[in-house]
Amino acid sequence: SINAEYMGLQLLSVCHTVVVQDEDEGRPRADESKPNASKLQAESPDEAALVEAACFLGFKFTKRRAGGVIVVEREGHDHEFHIKYVLEFNSDRKRMSVVVQLPNRQIVLYTKGADSVMLQRLQPKNVHLSATQNHLDQFCEDGLRTLICAKRILLDAEFELWAGKYEAAKRMIGRERRISLDRLAAELEQNLELVGATGVEDKLQDGVPDCIAKLRTAGIRIWVLTGDKQETAINIGLACDLLTSDMDLIILNADSELKVQEQLDCGCQRASMLKSEENGQVGIVIDGKTLTLVLEDEGLKEMFYRLCSSAPAVVCCRMSPLQKADIVRLVRYYDAKSVTLAIGDGANDVSMIQAAHVGVGISGMEGVQASNASDYAIGQFYFLYRLLMVHGRWNYRRTALLICYSFYKNVLIYLTQFYLLWYNGWSGQSLYDKWVFSTWNIIFTALPIIIVGVFDRDLADPSNLSRFPALYQHGLYGMDLSRSIFLKWILKGILHGLGCFFLGVYASRGLPEIGLDACGNIYIYTACVIIVNLKLGLEQESWTVMHILGLSLSVALWFLFMYVYGLIFWLSPQMYGLLADVGGSASLSLMLLVAVPFCLLPDFLRKYVQYNAPPHRVQMYRRVRMQEHSGEIPEATVCQPLITSHRGEPGGASRESTSLSDSDRKTAWT
């Protein structure tokens with residue numbers, strides 16, 4: 001009716017916490033077709049959208065005066081509404097209310113909130129409830145975020161009695177204050193008269209479906225945790241390609257632990273049957289009420305996680321911020337080797353972001369609370385793909401090489417000291433001068449690994465990583481850093497140190513003019529410096545001017561250091577003139593010519609075999625890009641076949657990783 005429409009628009013123009021920006025700020029209109037679009041400041045874009053809708057339909061919220069007076073312009077006239085109390089929204093209440101005095105001096109309670117809490121607070125008999133419920137269902141099918149609006153006319157005596165209690169509760173302190181305020185608000189928000197329902201489109205950002213599809217291709221499992229209704233959440237999942245039309249949905253809705261257990265048992269059986277079928281996929285959908293029952297029982301939590309771990313997509317709807325964080329903790333508890341990433345754009349996502357290993361906040365219409373609480377902040381959801389696939393993968397490889405190389409070079413230099421103790425009858429004599437030994441990590445091996453750790457790229461063009469998500473699986477399956485890889489580096493350090501020491505000792509034998517000082521500080525140390533720098537050159541993936549200068553400068557600094565250090569007698573008498581005495585020795589040159597190939601030839605052969613027989617995945621993509629640039633193959637035909645040809649399992653495992661044991665596998669969650 002006209003009266004109901006009038007009341008609904010009036011409710012939307014009054015029941016909010018929106019403020020109007022000062023026009024003197026001189027901010028230009030973002031869009032002149034949207035009334036007040038650039039003037040409104042709201043806690044959420046949904047609230048601003050509802051006020052804009054009321055404005056567009058003739059109820060224009062113009063200003064908020066001191067003393068809680070809201071001015072609404074209608075048909076060219078200003079109407080003042082005196083706000084007595086604002087019962088604010090929170091994740092537990094899932095609604096907000098205002099107690100307002102209308103221009104006719106009548107006191108009314110306006111309320112809007114989620115249907116899960118509003119329907120039980122309506123009057124027993126509402127003639128429009130059935131039609132409104134149909135509208136809500138239609139809104140959810142269209143993917144809209146819904147609210148129910150209601151009101152209650154308050155008698156003066158009733159309001160005065162309630163207001164006295166509320167003022168007393170506001171003077172409390174501590175936890176009791178919050179509990180008392182919520183209890184009094186719930187007492188007032190009863191026996192409400194249905195006014196109507198609203199639906200706001202939560203439009204997906206550009207590139208979200210494509211981003212999610214690529215993340216799944218890379219082997220990342222994606223869970224959507226939302227506060228929307230179940231139907232809305234499912235439609236959003238379909239819109240962003242998380243859920244597909246050929247996916248068998250397992251919907252968990254229960255009101256008791258017994259029913260939850262029955263549904264979980266049935267879901268596990270269905271998931272097992274579909275897993276045995278070709279192209280069989282299952283999606284899990286659960287609401288907040290059912291999830292509350294699951295999280296209260298350890299057995300149900302384990303069953304729920306086991307069911308969700310077998311599904312490529314999980315959608316949790318009607319969730320509170322605390323439940324979002326509980327889901328993240330559940331995954332971390334039952335899959336200790338997993339790496340969780342939580343991404344959100346609003347204040348209700350902060351607890352989830354902080355509970356995950358990595359938190360990513362999207363700064364946008366919902367504010368900056370999520371960005372302030374996160375590890376990384378991005379402007380759009382689609383940027384997550386580049387953050388993970390490009391920068392994440394590059395930095396994973398750099399960090400893996402940095403860790404292994406740092407241990408390798410220190411094992412090599414320290415074990416040469418140990419070999420001397422064994423060779424020299426545990427005399428306690430040092431092989432190196434103290435200043436020479438101290439500058440190992442500071443000068444002669446520092447610059448190259450810093451350059452590699454910051455600038456190294458196996459695929460220099462980021463578009464390669466964007467087109468081939470399967471490359472991200474190197475990190476998921478520990479192809480660059482694992483116990484076995486780390487132990488191989490340690491073993492190389494032991495063997496290379498062994499080769500440097502005994503070749504140096506052998507080269508200096510029979511030469512009376514060459515003592516232990518020359519043997520250690522000249523022969524062995526020089527071989528170690530050259531070998532560790534060339535070893536890093538073999539392991540790094542990109543060769544630029546910066547990389548070449550770093551390696552060359554480190555070796556050149558050692559010879560310059562020996563020359564200058566040997567000229568200053570008071571710094572080290574034992575090093576004085578040592579380079580001039582033995583620097584031109586044929587035995588030193590022969591020792592270096594033998595030691596360097598002796599230690600690094602196996603690594604060179606390993607790299608050659610790794611990149612050519614069979615072709616390494618990265619090397620194969622490099623060849624593809626070279627063929628594209630040369631025009632031998634068209635660019636549009638290489639993306640999907642290369643991805644699918646390396647996926648040996650439905651879960652996205654690559655052919656290189658199928659031999660890994662279950663204990664070595666890792667899973668990334670977002």
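Rings of Phe, Tyr and Trp, the last represented by its six-membered ring, were taken as a pair if their centres lie within 6.5 Å. In this predicted model, that rule gives 23 aromatic pairs. One of them joins Tyr85 and Trp162, whose ring centres are 5.4 Å apart. The planes of Tyr85 and Trp162 meet at 85°, so this pair is edge-to-face, the class assigned to angles over 60 degrees. Tyr85 belongs to strand β5 (residues 77-87), whereas Trp162 belongs to helix α5 (residues 156-170). The contact therefore ties together parts that are 77 residues apart in sequence. Both Tyr85 and Trp162 are buried.

A stacked arrangement is found for Tyr432 and Phe437, with 5.8 Å from centre to centre and 10° between the planes; planes under 30 degrees apart count as stacked. Tyr432 has a relative accessibility of 4% and therefore counts as buried, the limit being under 20%. Phe437, with a relative accessible area of 22%, is partly exposed. Tyr432 and Phe437 also belong to one aromatic cluster, together with Tyr414, Trp440, Phe444, Tyr525, Trp558 and Phe561.

Charged side chains also face an aromatic ring, that of Trp489. The charged end of Lys492 sits over the ring of Trp489, at 5.3 Å from its centre. The charged end of Lys535 is likewise placed over the Trp489 ring, 4.9 Å from the ring centre.

Note on methods:
Residues numbered from 1 in each chain as written. Predicted model: local features only at pLDDT ≥ 70, side-chain atom pairs only at ≥ 80, totals over all residues. Heavy atoms only, no water. Helix = DSSP H or I, 4+ residues; strand = E, 2+ residues; numbered from the N terminus. Buried < 20%, exposed > 50% of the residue type's maximum accessible area, 1.4 Å probe, protein only. Lys NZ or Arg CZ within 6 Å of the ring centre and 35° of its normal.
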